Amino acid sequence: MDRQETNRENTFNLMILLVGAIVLAVLIVLYPHKFGSLLIALLGFGAVILVHEFGHFIVAKLSGIKVEAFSIGFPPTLVGLRRKRGGWDVRFLPRRRPAEEAEAPEAGKGRAPEDGRLGETEYRLGLVPFGGFVKMLGQEDAGVAEESDDPRSFANKSVWTRIAVVAAGVVFNAISASLIFMIVFLIGMDLPPAVVGGVMPGSPADRAGLQPGDRIVQVEGESFIDYTALVLAPALSKRGQPIHFVVEHPDGTREPMEVVAESSPRTGERIRTLGIQQAESLTVPRSMDEKTLAETGLKPGDRIVAVDSRPVDTAWEMDDIIRRALKDKIVITLERTDPKTTQTTRVDVPFDMAWAAEQGHYSDELNLCHVHSLVPRLKVAAVAAPRRSPLGWLLYRLSGGDDADEPTERLQRGDVLLKVGAVENPTYAELRRVTQEHRDKELAITVLRKDEDGNEQEVEITTVPRSDPRHEERAVIGFVPMLDMEHAVVAATLGEGDLTPLAIPRGATITAVDGEPVASWADVVRLYRANRGQRISLEYRLDGEDAGAVALAVSEDDRYLTVHSTLADPLPLEPLKETYQAGSPLQAVRMGIKKTSMFIVQTYVTLQRLITGDVSPSNLMGPVGILRASYTIAQRDLIDYVYFLGLISSIIAVMNLLPLPIVDGGVIVLLLIEKIKGSPLNERIQGVINYAGLAFLLAVLLWLTYQDLLRVWFD
């Protein structure tokens, strides 16, 4: 290398260092706390990758392979160190050494040379702290390394030695993950327990008899379990074979149960599930933005202590009260703690009515919620707003598009469905049928909508139902339905078992229950319940005129009252967590190994579902997403972040063992082929494979980064 080229390289390195120093100084001054969290995230993520590279390094050294460089961080290099007799040779912003100086003597497995020359391995500190790398003689990450007569060349070692060196990174990641989890469980870690928070109607868990509040204490004989075990159990079970649980009920009794995981008809996905929902606590996350909570009356850190004046200790107790309340609003009592005082306050939470008794069976009208055969109308609870990606938005604008070009009328939250196609006051089953008939065709919808002054008016909308990507047999128009609780209008009547449909016409409005005026379905339900075991009458009006009344006998229980209430907006509550702590170091070792194996299995299951199409690739995270998650977790609690690093280390172990070119698994496959074949593959073939693999991985990396940026853009 001539002096002019060396000077250019030194100048380039110095400029990068200065830019990095300036950015670092600005971050420290403007955002000292955030910078600390960011630094922890970067160093932690880099340390996980560094452990992987150290595995390659130490096994290579022990195997007698010449290691030319071991770098903490990626170039440009800030500091380089080489052993020499009596100490170390240190250089800052190092330029390349002349060829004759770079050649190290045969120092023998890293021992310091005895003649004053420099050692064979340079230990480097790079500017980019995202990991590190190991450079061995005769080994290249891409392409084929040059041949060497040096017996310490990687290429000149036996196949099994090379496989051991390559596999060492994965092994070290798995070992480090186990050690991390061992330390975590010695200290104690809060994790979501294997507690049933909710059960999907008609699901395998529902049919098995699981109830909210039940605790799973064993899965297939394993007693160290958290909620992750309930997610993995269906994926690891054989199709059609039962999963064996031991369930502890809230009263302390235990019962063995068998549950056969099934695909969910609600989502149309092929993933087998149990239908168990994760349990929540009664506390609003302190990380929530106070402005986001302003409309709810809640504040970060609030804890719910009573619902409808009834004390609650668990979220499932609260859910049961809410489900049975059937009111327009309900009062929730909160315990609010600030740095000085703890006070009790109350907030009114608006309600809606759920549209189906069993949300997994859309096609069966008998599963629609009803009040003694009367089905309320549908309304819009939420709308899937059209969103464009940054690239899509840019292309839209470059093509001349403008927001003014968007349709002025589309479904809005709170709209009541008056007519869909030719069907007036459709039930949910009718809505599904009509949308499927109009797949990719225009569909006229008439809704009842309130204006800014609260006045109701009819609005006509035209939309086009599209195929549901999760279920090819469905067509959707992009909204979440609920029941119209505000107007006591009958959409239809249903017969069920010994229940005879009431003779009230479609579109009629209930005006009185046993002579007492009503204004909403909540009033109807309240008076219906108040007359259990009695014979009452329902008066109704059709087309603005008094139309008549019907008599009915109210049962002693709620067998003919399948409608239930739900919150208009779900309460933002933290997941329920419990402390998992080992009772001894030996138990901590077992728990650490078990948790590592669970995450490794979970990663492989996710990859399998990616291949089968059951999981969308858009759910994956790339480096930006991982660093963003690391930063977020690093801001919370150190033990949470250490646990997250164990998770990342487990995932990296799996990803590096995949049989893909460039990564360790692909290299091992080529080495096994060499062992079976008796000689390496042709150099040209190896080059094609490696460069094709490199191009593929770069494309995946760019795509994942794009997805990460989309989440940053829209979240």
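Colleague: Which residue stands opposite Ile-216?

Modeller: Val-247 in β7 stands opposite Ile-216. A caution on the source: this is a predicted model, where local features need pLDDT of at least 70, side-chain atom pairs count only at pLDDT 80 or more, and totals for chains, interfaces and linings use all residues. Residues are numbered from 1 along each chain as its sequence is written, and side-chain values use heavy atoms, with hydrogens and water left out.

Colleague: How many bridges join β6 to β7?

Modeller: There are 4, and the two strands run antiparallel. Strand β7 covers residues 243-248. Strands here are DSSP runs of E, at least two residues, and helices are runs of H or I, at least four residues, numbered from the N terminus. Two strands pair if DSSP finds at least two bridges between them.

Colleague: What is the strand order in that sheet?

Modeller: The order is β6-β7-β8, in an open sheet of 3 strands with antiparallel pairing. The edge strands are β6 (215-219) and β8 (254-259), and each pairs on one side only. On average, neighbouring strands of this sheet are turned by 35 degrees against each other, direction ignored.

Colleague: Switching to aromatics. How many aromatic pairs are there?

Modeller: The count is 11 aromatic pairs. Rings of Phe, Tyr and Trp (its six-membered ring) pair if their centres lie within 6.5 Å; planes under 30 degrees apart are stacked, over 60 edge-to-face, the rest tilted. Phe-54 and Phe-57 form a tilted one, 6.0 Å centre to centre with 35 degrees between the planes.

Colleague: Why are Phe-54 and Phe-57 separated by about one helical turn?

Modeller: Because they are 3 residues apart in helix α2 (residues 32-62).

Colleague: Is Phe-57 buried or exposed?

Modeller: Phe-57 is buried, at 7% relative accessibility. Phe-54 is partly exposed, at 34%. Buried means under 20% relative accessible area, exposed over 50%, partly exposed in between (1.4 Å probe, protein chains only).

Colleague: Which residues do ring pairs link into a cluster with Phe-54 and Phe-57?

Modeller: Phe-70, Trp-88, Tyr-123 and Phe-172 are linked with them.

Colleague: What sits over the ring of Phe-599?

Modeller: The charged end of Lys-595, 5.3 Å from the ring centre. Arg-559 lies over the face of Tyr-560, at 5.9 Å from the ring centre. The rule wants NZ of Lys or CZ of Arg within 6 Å of the ring centre and within 35 degrees of the ring normal.

How values were computed
Axes fitted to C-alpha atoms, helices over the stretch in contact; angles between N-to-C directions.
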